[in-house]
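This briefing goes through one structure by topic. Please keep the sequence and the 3D view open while reading.

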Amino acid sequence: MTDPTGKQVEVDPITLSVVRGILETTQREMTLSLEKTARSSVFNLAHDYSTAVFNHRPEMILQGQDIPIHLGSLIPAMKVVAKYFDGEINEGDLFIHNDPAWGGSHAIDTCFYRPVFWQGRLKYWTVCKGHLTDVGGPVPAGYNPNAKEIYAECLRIPPVKIWDRGQPRKDVLNMILTNMRARRDQEGDFNALIGACQVGERALIRMLEKYGEAQVDACIDMLLNMAEKQMRSLISDVPDGSYEGMAILEDAGHGYGDFEIHAKVTITGDNCHIAISSPPQIPYFINSYEGNSHSGVYLGLMMFAQLPPPYNEGLYRCVSVDFGPKGTICNAQEPAPHMNCTTTPMETLTDAVRLAFEKAVPSKVSASWGHANGLNIAGWDKRHDEEYVTMVLATIISGAGATPSQDGWHACGPECCFGALTSGDVELLEYSYPIIIHRYSLMEDSGGAGKFRGGSGTAWEVEPLNNDMTFITFGEGRRIPAVGAAGAGSTIIDTKVGRLELVKDGVETTIRENIIEVIRPGDRITNKNPGGGGYGDPMLRAVESVVTDVKNGLVSIRGAKEDYGVIISDPDTLSVDRGATEALRATRRAQAAK
Amino acid sequence: MKSQYRLGIDAGGTFTDFVLADRSGQVRLFKALSTPQDPTLAIKNGLAIIAEELGVPADQIIPNCDLCINGTTVGLNALIQHKGAKTGLICTAGHEDSLEIRLGHKEDGYRYDPEYPPATMLVPRYLRRGVSERVLSAGEVRVPLNEADIRAACEIFRAEGINTVAISFVWSVLHPDHERRAGEIVREMMPGVILTLGSELYPQVREYTRTSTAVVNAYLAPIMKRYVEAVDGYFRSLGAKQPVRYYQSNGGLAVGQVMTDRSVYAINSGPASAPVAGQYVCAPFGRKDVITVDMGGTSFDITLTKDGSTNINKNIDFLRYRIGVPMIQVETLGAGGGSVGWIDEMGLMQMGPQSAGSSPGPACYGQGGTEPTVSDANLVLGYLNPEGLVGGRLPLDAEKAAAAVKTRLADPLNMSLERAAYGMFTIVNANMVNGIRRVTVERGYDPRDFVLVGAGGATAAHITALADAIGIDTIVLPKLASGLCAFGQIISDVKYNYMATSPLRLDATGAPAKIDALFGQIEAQGLEHLRSDGFDQTTSRVKRSLDMRYVGQVHECTVEIDTFVVDDTSIARIKDAFHRRHEQLYTYAEPHSVVEVVNIESTVYGLVDKPARMTIAAGKGADSAVKSHRDAVFRADGSRVQTPIYDGAKLGAGDRITGPAVIEEITTTIVIEPGWTASLDQSGSYLITKGPDHQRNGAK
């Protein structure tokens, strides 16, 4: 390692451990500050935010575990912002940005960038990004299934300087906030995001003061190199060759039919190249710009790498990604609408990558998790005479995929969040919004069948309390169940996939598309979220495990037979006809072998 | 203190500590091995040891105790090992799964780990029975209680042999009648059942927290009941004058019946007395802002008190179970004398969190351990006495310690034995410092404003290094450090938490009157409870707090307020207190935003008189207490310095020692690094301060 004057700097291995700990603690402090002060339940309860630290180059030197949707997506965005203001970055500045055409993920994720100066020089960037509850545009909460162009979705914010040498540009901030619904909440969340950037800044400066610039720089470079080495060693364990994965993105109501997304993973020594191919972009909100597609690919990579946090950019040095030609679903360009992209098509893109890795390293696979199929709600709260708008996180919590060693977690998804979400307490939700939650539960036969079963999805049943309520559905996973691994598969499909069940004026309808609809008190909607994929042949699942699932209402007696070949002869005692079970399982295995 | 003695018994993972205070201020510390299989056995063994040392049989000591106090890990162990009772849950239909959905979250840090298992369900799904009933968010009944559903649930529970049941309904906090009626039916259907009602145990908003708290309580209650009956009976047979008091995780004492009814309060009582003890030992120095750290064999516990009051946690995950009731905030890390040093996948040295435990223990224990631990490093560095600890009763093997550090760390990292050992010491200290930041900086406190108090056997070797790294310049290290938590228990008061809820905006009409009425109501209950425990007006105290937030925020912060009539004028004091707390925590306040209250709480204290303070006779100068010298390491380069070793038993009040130095007490070893000065105070604690000529050469 050398310092800026070219002098050799010896990295003290003990200081290296200590610096790594300080970086982690810094990120924790930023995260905690954000979480405790935020208004938006989306990044507050959902943990739908990221905090990261970049060096001056700017390379990401630390990202906490946070949420996979943001994995790596800050990397291209940071570079775009730094490049745009190259030569005009001063101490005390603060930048804001949300636009996908400028390196962002989806525009409701609004990001603040704080350059950190030390002795007059730019040393670091502290960066915080969070999913706001609204970002302007024609439809509350930003998800507009009717948008044909990005211009019909929301307020687009390219890189903008909102503090200039410590002076807030109030006019610009006001212009931005004026375009947003529930301004009080958005303003509070801006405060929270900015506060967290400053918390990070404070901690980094303290680290420089204590350990000295040369030693800290050398340690951080070393940490980047070590992460690179770690990923290279994981990749070099994979046999050289090309591996292909394909996943189907179902038509969620746009009418263009189902699409195939392909991922080709090529391993050469300790390098990994991932090539994506997807169909041309469509005038529907499921196009993914490059920043967001990064996250989709990196999540697929992480499902293979299975590394614990913290992460830095060194991990990705040996990984190159080709997102396919511009103007495709996974490499969208203006004017493609995109708001749904962090779940759809991202989860299908992730599946394609993980399926390619399943072929490369079958022992490290996890089955796919249930995809997001959820809703946003908005309306007028008569109790306080004010507007409300929010994504309902509880509605996207699906089942996790099974792994080679255990059943998938219940209620832990969706895939793009990988357990980072929280649903919010039923009482807090009813207190905050004028709704009655009649049910929030696991669902029978929803986990994908396998030797290890996928986790159960969730059902969320709601009725508006005293006024009309608008709801907007988004996502998919309503026809195609979560993809299993290692030969897993279900016979009963319908209970494994998501849907929306609407009871309006006493009439029941099942909805499998993205729609905007208004309901009133007395009407009900039940959002059902898919279960996770199973792992391994379901005919090999231990009979006792199947019976326990039946006892707990997670598998029906019919499901035991159809999905697992287990014949329960007495529904009261749950006793099993062993002979008939053996025979049925043998037949099913023979059929499968054909 | 009216009687001759007061006895404190604190069960830990390895040892059960016994602290016996007498009227003269003398405090004696005894240790017996813990007996997790039969916790009452350790108590009997310990009393036998005390009887032998004092030459007086236990049935003559116990009747001469004004109070016998027990901190127990019975509940904790049952929860760790999932060995509670088979439990049934009755809940609102449609919400049977909140316990298993766990808000849909997987713990951070395990996101991509394919083997991290879901939390074990304390009540499996088939024993969570939904019943038809529903109350809405304003407290109105939408669906009346269906009693037949309750009876059907009881039939199932009876068939399953269940004897402990939790009942928890959505919004029961605003309308407890459904839970109460359900409870009546369960009692009638299941005579002898132990019943936990969510709205009684934890009357606060958040259905998941309340249900989970009730379930943990129901799960532990039969175990605690059995334990309390055994201990109460044993002490009665020895002629105890007063019922045994048990230590709760809220930092206060309770009688046995409360431990059975509110078993969830028992689960982390061990470290909960540290703040009280920390306050007590700092009082002679006039300091009220105290961080108490307790390093034992496997873990490091941090607690904090500011202006004499202790941080409280509510609504947290404890051992993966959501617990609502207030617990003393204890930050626990896997950093102890047994923490193992290892090299991670990236090639970096790490310490813990895994521990060699007490078996095989650190390599230096010579019981077959080969992993290098913190204790091994401390022995290599010359801090610990190679002849052994506890006055030689626990012999140490310096060669085995050096071999472990050398082969596992020094050789692979290509560094000298001393550098590697000092690296282990530095990294474990850095881990502890990051933990201390979590309870200070992350909660809006500047650690440099605090005194650091050392508790636990292993802390004293690290205490000056820790203080240096955080920037603290004053340390209080009691001679009793290794039994400080047991001591904290015998100087604690009886404490019960009473809670209520009424989510409302402070600017709403009638809000002040409603808050005032709720405080009045729960405080009447609390004071009545204290009266039945034998406390009167002069020995009862009340403290109030409110959980508040800005409208639109999701998380509340807890704000303590004085006891006053809440009305349209005084409500401003409550708002101001909230703005101040928010700014302290998060760097800003929003004085023009509307504030809302979510939960309210009153804590009632029954004041217990305190034993007399210990007094140490004046010393004759520290020089006479030097018993030997060792070459010890205080620098990252691993160089050794000849360091005097003092016999703590020979030091008297006023004796001063300048670092580098090591002071050996019978149950702990204090390392005074260069730049620090220790003086023994007559109250029995070392006051260790950073000298003006301090020139430390730590991490470079």
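What follows is a short account of the two chains, where they touch, and some local details.

The model is predicted. Chain A has 594 residues and chain B has 700. In the contact between them, 59 residues of chain B meet 69 residues of chain A.

**Chain A overall**

- Chain A holds 12 helices and 22 strands.
- The C-alpha trace of chain A spans about 80 × 60 × 40 Å along its principal axes.
- A compact globule of 594 residues would have a radius of gyration near 25 Å, and the 25 Å found for chain A agrees with this.
- In chain A, 60% of the residues count as buried.
- Of the contacts in chain A between residues at least 6 apart in sequence, 75% link residues at least 24 apart.

**Chain B overall**

- Chain B contains 17 helices and 35 strands.
- Its C-alpha atoms fill a box of roughly 80 × 60 × 55 Å along the principal axes.
- For 700 residues, a compact globule would have a radius of gyration near 27 Å; the value for chain B is 26 Å, which agrees.
- Buried residues make up 54% of chain B.
- Among contacts in chain B with a separation of 6 or more, 67% are between residues 24 or more positions apart.

**The side of chain B that touches chain A**

- Four elements of chain B each supply at least two residues to this side: α4 (98-101), α8 (207-237), β22 (349-355) and α13 (417-439).
- Helix α13(B) gives the largest share, seven residues.
- By class, this side of chain B has 27 nonpolar, 17 polar and 15 charged residues.
- Ser137(B) lies in the loop between β7 (134-135) and β8 (141-143) of chain B.
- Setting aside neighbours within four places in sequence, Ser137(B) is in contact with Glu430(A) and Tyr431(A) of the other chain, and with Trp171(B).
- Ser137(B) counts as buried because 24 other C-beta atoms lie within 10 Å, and the cut-off is 20 or more.

**Nonpolar core**

- The largest nonpolar core has 384 residues, of which Val405(B), Ala421(B) and Leu452(B) touch the most other members.
- Helix α8(B) contributes the most to this core, with 14 residues.
- Beyond residues up to four places away in sequence, Leu452(B) touches Ile291(B), Val293(B), Ile463(B), Leu466(B), Ala467(B), Ile472(B) and Ile475(B).
- Val405(B) is also one of the buried residues of helix α12 (residues 398-410) of chain B, which include Lys400(B) and Arg408(B) as well.
- The buried residues of α12(B) pack against β21 (339-343), β22, α11 (374-380) and α13 of chain B.

**Helix pairs in chain A**

- Helices α7 (residues 290-305) and α8 (residues 346-360) of chain A pack at an angle of about 35°, their axes 8 Å apart.
- The crossing of α7(A) and α8(A) is right-handed.
- Residues making this contact include Gly296(A), Leu299(A), Gly300(A) and Met303(A) from α7(A), and Leu349(A), Val353(A) and Phe357(A) from α8(A).
- The contact residues of α7(A) and α8(A) comprise nine nonpolar, six polar and one charged.
- Helices α5 (residues 183-211) and α6 (residues 213-236) of chain A cross at roughly 115°, and their axes come within 7 Å.
- Met207(A), Leu208(A) and Tyr211(A) of α5(A) meet Glu213(A), Gln215(A) and Val216(A) of α6(A).
- That set divides into four nonpolar, one polar and one charged residue.

**Backbone details in chain A**

- Most residues other than glycine have a negative phi, and most peptide bonds are trans.
- Arg57(A) and Pro58(A) are joined by a cis peptide bond with omega about -10°; Pro58(A) sits in the loop between β1 (49-55) and β2 (60-63) of chain A.
- Another cis peptide bond joins Glu334(A) and Pro335(A), with omega about 5°; Pro335(A) is in the loop between β11 (319-322) and α8 of chain A.
- Gln306(A) is not a glycine but has a positive phi of about 55°. This residue is in the loop between α7 and β11 of chain A, and its 15 C-beta neighbours inside 10 Å make it partly exposed.
- Asp445(A), also not a glycine, has a positive phi of about 60°. Asp445(A) is in the loop between β14 (435-442) and β15 (458-464) of chain A and, with 23 C-beta neighbours inside 10 Å, counts as buried.

Definitions and conventions: Residues are numbered from 1 along each chain as its sequence is written. Chains are lettered from A and ligands numbered from 1 in the order in which they are written. This is a predicted model: local features need pLDDT of at least 70, side-chain atom pairs count only at pLDDT 80 or more; totals for chains, interfaces and linings use all residues. Axes are lines fitted to C-alpha atoms, for helices over the stretch in contact, and angles run from 0 to 180 degrees between N-to-C directions. A crossing is left-handed if the near helix is turned anticlockwise from the far one by less than a right angle, and right-handed if clockwise. Two residues are in contact if their C-beta atoms, placed from the backbone, lie within 7 Å. Ala, Val, Leu, Ile, Met, Phe, Trp, Tyr, Cys and Pro count as nonpolar, Asp, Glu, Lys and Arg as charged, and the others, Gly among them, as polar. A nonpolar core is a set of buried Ala, Val, Leu, Ile, Met, Phe, Trp, Tyr and Cys residues joined through C-beta atoms within 7 Å. A residue is buried if 20 or more other C-beta atoms lie within 10 Å of its own, exposed if 12 or fewer, and partly exposed in between; C-beta atoms are placed from the backbone. The radius of gyration is taken over C-alpha atoms; the globule rule is 2.2 Å times the number of residues to the power 0.38.
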